[in-house]
Amino acid sequence: MFEIKNLTIMVKDRYIVKNLSLTLNKKDKLGIIGEEGNGKSTLLKSILGICEYASITGTINTKNSKVGYLEQSMSNENLNKTVKEFLFESEEDYYNKINDFYKNLEIIKVTDEVLDRKIKTLSGGEKIKIGILKLLINDYDILFLDEPTNDLDIETLLWLESFINKSILPIVFISHDETLLSKAANMILHLEQIKNKTECRHTLLRISYDEYVEKRLNSIRKQTKEAEREKREYNKKLEKLIQVMNKVEYEQNAISRSNPHGAKLLKKKMHSLKSQEKKLNETELTQKPDIEENINFFFENASIPKTKKIIDIKLDELKIENKILSKNINLEIIGNEHICIIGKNGVGKSTLLKLIYNELKTRNDIKVGYMPQDYGVILDNYEYVLDFIAPNKNKDTITLSRMYLGNMNITSDEMTSKISSLSNGTKAKLFLIKFVLDKCNVLILDEPTRNVSPLSNPIIRKVLNEFNGTIISISHDRKYIEEVINKIYILTENGLEKTE
């Protein structure tokens, strides 16, 4: 149904992919993974012929298939449309599709009252739902989904997972959600930028995500072990050779002028040894794997006493502008609890989290770090990376910051870049580094794992799990909830409910 041959994509002077070939048939579910900024969205846009900033060669054959596309972020043009204008091309189109519309409306859990609202007034999750709804009411042959799980509540996430699994259509989707990848993908395309992000590499395999991760880890272990063995043998040979060369050099210096024959033999021997040294140095050794997800960060001295009261909120009403979102909210957090607030889209989770941050940010007895869902709320106040990470411009702080940035696989070029040019995943890493450097012991996190590669997320979850401070978060990432969180609250119209 769909075929790509020798696809090569270049943005400015950087290759995104070289000579990619693949075929998709009915029921194929291709999960595209890779670190932030590797060009996953660019690949989708290039395939769809809507990428204006890339140089593209190769063959893309949709075989007259009707293609549906869920973009990661809606364009300003679409944001200014009403939901009805976005979903339907005309009144006639609306009446032709009215049955499909109402049938799928209930599945997606969106009320028909939303039809006359501007898309820009919807929550992040509601926007995604409307995008999915448009795919459902049109007769597409193949679907391309760019981060379909972003901002979705868990109920809709489970529906999406089931939909992808049951659909006979080929579906190509980019995702950082490991659970979705594990349960829905039967093919994996991994895009990488290696050698300090100067070269691209892709891996395409017709296997499940879990099989791919296991295969990759086994390959990394094997190559690492082989590289270490070869390096040990090389060092032994080099050490032995240097000892012999030092001995010959000593003998050359000590031999008397009255023994020209001996001197000639020693010179010949040294020439032979140097030839051996040159040959040894030219030996091609197995290199340790060049992998992007090899990130490293940790918190020091970020603990909080278990009995310390962090916050005790009592709200009669949770409102945004004049709209009441929830009532009778009570939330008490003590010590090093790791809590997560879940709930349906638009119920006010981010509003509540921001309120908590505003309540805590002026406290002198704790150090609070805040990662909003919209990074621009904070990052738009800074032009360059180091303006945000090391605002005091202290030389030692800048050196330390660069070390931490490097440990997160952020390149030297990115360290001196404007923040606006970075991917959302890299921006998420900036927040984590900032929390470490500021020695934060209370973290307020709105969807902390949503923009980070599924191969890096396990490391981030491990660090957050071991964090001895307080975490107050919102997330729909099921692995994050399982591995990091010890207390879950559901926000509804009637308040917060603690789950068991």
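The second largest pocket has a lining of 42 residues, and Arg-14, Gly-37, Ser-421, Leu-422 and Ser-423 lie nearest its centre. A pocket here is an open set of points on a 1 Å grid over the protein atoms alone, with protein on both sides within 12 Å along at least five of seven lines; a 1.4 Å probe fits at the points, and lining residues have an atom within 4 Å of one. Elements that give two or more residues to this lining are β2 (14–24), α1 (40–48), α15 (412–415) and α16 (424–437). The space in the pocket is about 1400 Å³, taken as that filled by probe spheres set on the points.

| Class in the lining | Residues |
|---|---|
| Nonpolar | 7 residues |
| Polar, Gly among them | 22 residues |

The model is predicted: local features need pLDDT of at least 70 and side-chain atom pairs pLDDT 80 or more, while totals for chains, interfaces and linings use all residues. Residues are numbered from 1 along each chain as its sequence is written, and side-chain values use heavy atoms, with hydrogens and water left out.

In helix α11, Lys-349, Leu-352, Leu-353, Ile-356, Tyr-357 and Leu-360 are buried (under 20% relative accessible area, 1.4 Å probe, protein chains only). Seen down the axis of α11, its buried residues fall within an arc of 140°, so they line one face of the helix.

Thr-8 belongs to strand β1 (residues 2–11) and is buried, at a relative accessible area of 13%. A polar atom of the Thr-8 side chain lies 3.0 Å from the backbone nitrogen of Asn-19.

Key
Buried < 20%, exposed > 50% of the residue type's maximum accessible area, 1.4 Å probe, protein only. Helix = DSSP H or I, 4+ residues; strand = E, 2+ residues; numbered from the N terminus. Arc of directions from axis to C-beta. Polar contact = N/O pair within 3.5 Å; in protein donor to acceptor, adjacent residues only side chain to side chain.
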